[in-house]
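Dear colleague,

Please find below the structure that I am handing over to you. A short account of the findings follows it.

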Amino acid sequence: MNGTGTRIIAMGHYQPARVLTNEELSQTVDTSDEWIRSRVGVVTRRIADSETVADMAAAAAGKALAASGLEPADIDLVAVASCTSVDRCPNVATRVAAKLGIASPAAYDLNTACSGFSYSLATADHAIRAGSATNAIVIGAEKFSDFTDWTDRTTCVIFGDGAGAAVVSAVGPDEPPGIGPVVWGSAPDRGEVIKIEGWRPYLWQDGQAVFRWATTSIATHALQACKQAGVAPGDIAAFVSHQANTRIIDGIARRLKMPQAVIVKDIVESGNTSAASIPLALSKLVERREVAAGAPVLLFGFGGGLTYAGQVVRCP
Ligand code: UT7
């Protein structure tokens with residue numbers, strides 16, 4: 001091991017320009033602004049035009065890199081969490097590296113659907129602490145509009161497109177770690193309740209089964225992430241959960257008892273962007289400077305697989 005820990009030194013995000021409102025959706029499927037707001041919490045979502053997952057990932061990563069003060073030559077690991085890249089090869093990470101002029105990084109994609117950012121952040125943290133990398137860019141990027149059945153009201157009102165990115169570096173020898181131990185796992189026996197399968201796939205989910213799983217089991221894992229980081233829930237400054245549903249976010253937050261925490265609900269303006277939802281929401285939180293640099297923020301992702309992962313990080 002060459003270091004005691006790592007931290008997020010900068011964030012960046014990208015969203016496509018096109019805003020799709022609930023009113024517009026209610027003109028194409030049998031739904032209403034009232035139903036979507038009260039049952040899911042989404043008011044608007046962004047929809048990509050010709051941008052690919054790699055385009056959005058590179059745009060977010062470019063902003064994070066610029067904010068970090070590092071140069072492309074300083075980056076030796078690029079990790080991309082996504083489940084909506086249409087192209088199988090080359091992977092998204094190498095395309096991002098090519099677009100940003102990062103010459104020869106370790107470059108991999110990771111697919112654990114909506115928990116992907118926290119999984120990827122953990123792998124970057126582990127790689128740096130093991131001495132296998134020095135500075136990493138970790139990205140969550142999704143283009144769900146490519147995998148949405150726009151005639152299915154049960155799914156088309158939920159999802160959106162976008163990307164968020166973090167630059168991760170080793171902390172100094174006397175600094176505390178800025179990325180806490182990951183708590184990660186899955187419930188593969190229930191994995192069939194969310195699917196994007198086949199050759200021209202659309203997302204399908206048993207929404208109620210996922211809802212039940214998320215609201216009954218995720219809080220326990222999130223508490224474990226706080227415990228492993230040595231941070232009491234009462235000291236958490238912000239909770240940045242996967243942005244699946246405001247009712248799920250509130251349900252988990254209630255069980256965690258975090259009176260001081262900003263409960264982040266970027267889903268209201270961005271929809272559910274799967275692996276992009278946590279870095280997108282965290283980047284905006286940092287941009288608004290709603291939470292002091294160094295304050296503990298609980299990240300927790302959950303979704304397809306059924307997979308989950310989360311950790312406490314120090315706010316960049
Ligand atoms: O990020 C990936 C992980 N996924 C999740 O975390 C999703 C978790 N699940 C959920 O967020 C919720 O279950 C949904 C938002 C997907 C659905 O909300 P719900 O409160 O569980 O609704 P429901 O499925 O029980 O449907 C209630 C009613 C049904 O009508 P009937 O059978 O009661 O007549 C649906 O057909 O609402 C109907 N419905 C709609 N009505 C208007 C379903 N979609 C819509 C819609 N507009 N868009």
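The side chains of Ser118 and Gln311 are joined by a polar contact of 2.8 Å (a pair of N or O atoms within 3.5 Å; within protein, one must be able to donate a hydrogen and the other to accept it, and residues adjacent in sequence count only if both atoms are side-chain atoms). This is a predicted model, in which local features need pLDDT of at least 70 and side-chain atom pairs count only at pLDDT 80 or more, while totals for chains, interfaces and linings use all residues. Residues are numbered from 1 along each chain as its sequence is written, and side-chain values use heavy atoms, with hydrogens and water left out.

Ser118 belongs to helix 5, residues 116–129 (helices, H or I, of at least four residues and strands, E, of at least two are DSSP runs, numbered from the N terminus). Ser118 is buried, its relative accessible area being 0% (buried means under 20%, exposed over 50%, partly exposed in between, with a 1.4 Å probe and protein chains only). Beyond its neighbours within four places in sequence, Ser118 is in contact with residues including Val182, Ile278 and Gln311 (heavy atoms within 4.5 Å).

The largest nonpolar core has 46 residues, of which Phe239, Leu298 and Phe302 touch the most other members (such a core is a set of buried Ala, Val, Leu, Ile, Met, Phe, Trp, Tyr and Cys residues joined through side-chain atoms within 4.5 Å). Helix 7 gives the most to this core, with nine residues.

With kind regards
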